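The following exercises are meant to be worked with the sequence and the 3D view side by side.

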Amino acid sequence: MRPMRTLALGLLASTALILAIIHYMPPIDDFNPANPFWNGMSGFYEQQRITLIQDLRLVPNRGAGQALLIIGPSRPFLPSEMQAVQAFASNGGMLIVCDDFGTANELLEGLRLSTRFSGELLEDPLFNIKNPRFPRATEIWAGNISTIALNYATILKVGDTNARALAWSSHFSYIDENRNERHDATESVGSFPIMAVIPYGQGSVYLISDSSTFINGMIIYDDNAQLTSTIAGGRNLLLDASHWSEGPLTMAKDLELKGYLFFSRPDVRYTIFFISLILILRVRKGRAAEIEGLDEVEKVMMEHPDWDAETLRKIKEDREEYGAN
Amino acid sequence: MRYAGMILAVFILSLMVNAPLAISERPPRHLDLAQAKEEMPDAMSLLQYYTLVLGLMQSENFLNALNRLNGTRWFHIPERVRFIASRFNDLVRISCEQLDQVRSGIANASQMVGQARLTEAKTVLDAALFRLAQANRTIGELEVASMEVSRSFGIQSMDLFDKVVALRRLASDYRDRIFGFYGTIARIEEGVETKELQSTNLSIEARPLAMEVGSDLHVQGTLRASIDGPLGGKEVGVYFGSIKLASVVTEGDGSFELTMGTPILYVPKVTLFASYLPFELDANVYAPTVSNKIDIELAYESARIAAEVPSAVYPNIPFTITGILSTKTKVLMGHTIAIAAFGGSVSAITGQDGRFQFTLTPPGDIASGFATISLRSEARGNVSQAQTSVYVKVVRVEAELVLILPSLVLAGLPMQVEGLLKANGTALKGVQVELLFSDMELATFSDNIGCFNFTVVPPTTLPSGTLGLIIRANPREAWVKPLFNTRELNLFNPITLLFPSAAAMTLVVSVRKSGRKKRPIQPTAEAKVMEWTGLEAQQISLRVERHPTVELYYWAVELVQRFTGMMLQPNHTIREYLRLVQPILQESGDFDTLSLAAEMALYWATTPDVELIAQKAFAKLRSRLS
């Protein structure tokens with residue numbers, strides 16, 4: 001076997017394995033509804049009847065009876081997307097934005113709202129799960145929800161006069177401004193708003209200052225699982241899937257899918273088929289020509305490699321010298 | 001094996017290069033709770049919280065204290081100290097409940113003493129005292145537990161203990177109050193027994209004993225002292241259940257009488273009694289007393305609302321709720337029915353048949369699903385109030401789309417997309433319809449009969465195959481769901497088919513070229529072989545490229561193979577095969593001759609004589625072997 005062929009076979013085998021891994025390994029991106037690990041939202045997605053929105057511009061202009069969830073956005077919002085969300089909410093839709101350190105403030109600005117996600121880390125040394133970075137909101141005015149478990153959350157800076165805070169952290173919580181994981185004398189302590197509702201046209205905008213409330217690792221705690229259904233009532237849930245940043249695996253999955261779709265196109269498929277046939281023919285013809293171009297002695301040697309090439313060459317020379325053909 | 005090792009090496013190397021693609025991931029912006037380090041609650045915060053709870057207890061705000069205490073279940077307490085914290089919380093809760101019961105007992109006893117129900121008051125005080133003893137014991141345990149909690153959670157040892165000790169002061173205060181009441185009761189009883197106080201007797205009668213709610217009740221009675229006889233000019237309190245109906249002053253013969261309207265209570269039975277509580281100078285002469293108790297049966301009619309609602313209602317579309325207000329025996333006319341639904345409230349009056357009717361309109365932005373409608377009628381006369389809730393299902397219907405699409409469209413040429421929008425058989429007029437495909441987005445409005453159409457030109461950049469269309473419509477009618485429909489049609493794009501066509505053409509040309517290059521059959525050689533062998537031309541044509549003598553040899557080989565069963569292998573030389581079959585053939589040498597002639601033809605020059613000899617040898621061999 002020649003080295004080139006060896007190399008090609010090795011590459012082919014590893015590529016096939018990599019493609020199989022990419023295909024079968026579940027995504028591990030934050031918030032991905034297909035991600036079954038702690039940072040995914042497979043549990044939330046299966047629990048609720050959710051429609052994924054891959055392009056925010058496609059949300060219905062009239063949002064009555066529907067709730068649009070924008071959870072943990074990392075990508076910027078385009079003006080056209082903001083317009084679509086604005087039309088959705090102002091025409092009776094319910095917009096629920098869960099964010100902490102992402103890009104949702106851009107959206108709020110685009111919606112001409114004054115409330116913001118502060119981007120400061122909220123910690124609670126008493127009401128928490130495991131440690132202060134997992135605080136609990138304990139004072140809640142939303143249906144039967146009594147506590148919400150948070151994960152590396154921030155707080156709301158409520159700036160709209162018609163906004164109404166629905167959930168607060170405990171009086172023991174504080175803002176860890178320098179993120180040294182302890183309370184310093186200059187850091188604010190008290191009860192901070194973590195959920196608010198702002199009437200918006202005929203609809204409403206709900207803000208939750210933590211993007212992680214619905215991930216698999218957190219939805220099992222407290223009343224997190226009931227939070228959406230409590231807020232949204234019986235509305236149809238739409239989940240924006242277009243503003244999450246993708247990791248290499250998801251990008252590879254996308255690429256694989258795109259590749260598959262590209263090669264599934266009939267024109268591409270048939271072009272490749274015919275080109276392959278031509279190449280095969282060329283290769284075979286090339287080999288035939290190669291064999292044809294070989295010296296008579298070399299041909300005999302190919303069939304009888306154990307014969308003595310020197311003797312054959314001598315016979316050929318004698319024949320050429322004395323023989324007729 | 002060498003190559004397998006090389007393949008494996010390339011494979012592993014390639015995996016190492018590609019592995020980061022599959023497993024690498026940027027760090028998440030939140031934390032994995034399962035991996036998070038467990039931390040103790042902050043000691044200062046913990047102390048503050050318990051100070052709050054114990055402070056509420058001290059101020060006798062026990063309900064609030066219990067609510068706050070329930071909040072401790074949201075603290076994260078590490079497993080190793082959970083029992084200590086849990087035990088402390090339990091003790092706080094138990095002491096809170098016990099002290100609350102003591103406080104309630106004291107309050108009840110106080111009221112009873114005020115109503116001169118001394119015996120009952122004493123019983124209640126006994127129970128309260130027993131509870132207080134339990135509370136004291138619990139507080140003792142709590143003091144010990146507080147030391148343990150302080151030690152486990154790093155709280156300054158005396159801080160929490162001091163807060164717990166403060167509860168002892170409250171318990172002590174309760175004890176003083178209980179004994180104060182005991183003292184009062186004892187003094188009264190002692191006064192009666194030592195004849196310092198005259199015992200009194202109060203008896204009452206009432207009529208009717210059964211009446212409609214709110215009707216007038218006539219009560220009469222007499223107050224007598226054990227020595228002084230009938231007591232006149234004394235104030236007697238008359239109670240209707242827990243409500244004090246009136247205070248009445250006795251006549252000179254100790255009697256009193258009154259007729260009064262009773263409070264409207266929709267309960268089947270109420271206890272009537274009177275009490276005499278002497279005050280000022282009388283308190284040193286007469287003992288307080290409670291009258292006999294009379295049960296008054298109250299007659300009233302329970303009202304009932306029966307409402308009928310449609311099985312489904314639609315946003316922005318009015319619907320009617322009808323119903324009837326009745327008792328067991330009659331329908332109720334002229335009663336007000338108030339209804340609360342969809343965030344508002346309206347009211348209506350029942351007609352002569354007791355029926356009522358409302359027309360409600362669900363708001364456009366109401367969520368689909370069940371909505372609650374509450375109906376309520378106020379009590380009037382002997383008819384009690386009534387209330388009920390009904391549920392209506394708010395639904396939105398799907399918009400129906402009839403779409404006319406061509407079965408095949410050609411890229412670059414205009415096509416018509418026509419459609420009709422309706423819901424529940426009603427045409428949807430003036431609806432904005434959007435058509436999205438590829439990167440194009442078109443919009444139009446449905447006309448008066450719900451029809452719309454688009455003229456679109458599929459771009460020539462699209463590949464041949466299926467073309468996905470998205471049709472989106474947002475009906476103005478709130479009761480119709482927004483439409484989101486996807487369709488596919490077949491697109492033929494000659495431009496994109498150029499590539500496979502060109503490839504196919506190249507293939508055809510290539511195949512034809514290689515076909516032409518085949519060498520033509522040499523007719524002379526073929527003729528020669530036919531002449532020598534007499535075999536069919538078709539078979540011979542396969543070997544006509546060889547020298548006729550050589551070809552003759554191979555035919556001879558076939559005969560020999562059939563005869564001897566020894567096959568000529570590709571690696572056999574002519575001589576090798578000859579040596580192989582010679583022992584079996586055992587003949588004069590025809591095959592030897594043919595072998596020699598073939599060798600000469602292959603490797604030497606041949607002459608017509610040799611060819612002739614070969615022919616003869618072949619003929620002989622064939623006749624012999626066949």
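**Exercise 1: Cysteines**

C96(B) has a relative accessible area of 1% and is therefore buried, where buried means under 20% relative accessible area, exposed over 50% and partly exposed in between, with a 1.4 Å probe and protein chains only. This is a predicted model, in which local features need pLDDT of at least 70 and side-chain atom pairs count only at pLDDT 80 or more, while totals for chains, interfaces and linings use all residues. Residues are numbered from 1 along each chain as its sequence is written, chains are lettered from A and ligands numbered from 1 in the order in which they are written, and side-chain values use heavy atoms, with hydrogens and water left out.

Task: Is C98(A) buried or exposed, and how many disulfides are there over all chains?

Solution: Begin with accessibility: C98(A) is at 0% relative accessibility and so counts as buried. Then apply the rule that a disulfide is a pair of cysteine sulfur atoms within 2.5 Å; the count over all chains comes to zero.

**Exercise 2: A sheet in chain B**

Solution: Helices (H or I, at least four residues) and strands (E, at least two) are DSSP runs numbered from the N terminus, and two strands pair if DSSP finds at least two bridges between them. On this basis the order is 11-13-16, with antiparallel pairing. The edge strands, each pairing on one side only, are strand 11 (304-308) and strand 16 (355-360) of chain B. Strand 13 (residues 319-326) of chain B pairs with strand 16 of chain B over six bridges; across this pairing, I324(B) stands opposite R355(B), and T320(B) stands opposite T359(B).

**Exercise 3: Backbone angles in loops**

Task: Where does Y152(A) lie, and what is the phi of E60(B)?

Solution: Y152(A) lies in the loop between strand 8 (148-149) and strand 9 (156-157) of chain A, has a positive phi near 50° although it is a residue other than glycine, and counts as buried because its relative accessibility is 18%. E60(B), likewise not a glycine, has a positive phi of about 65°; E60(B) belongs to the loop between helix 2 (43-58) and helix 3 (62-70) of chain B, and at 27% relative accessibility it counts as partly exposed.
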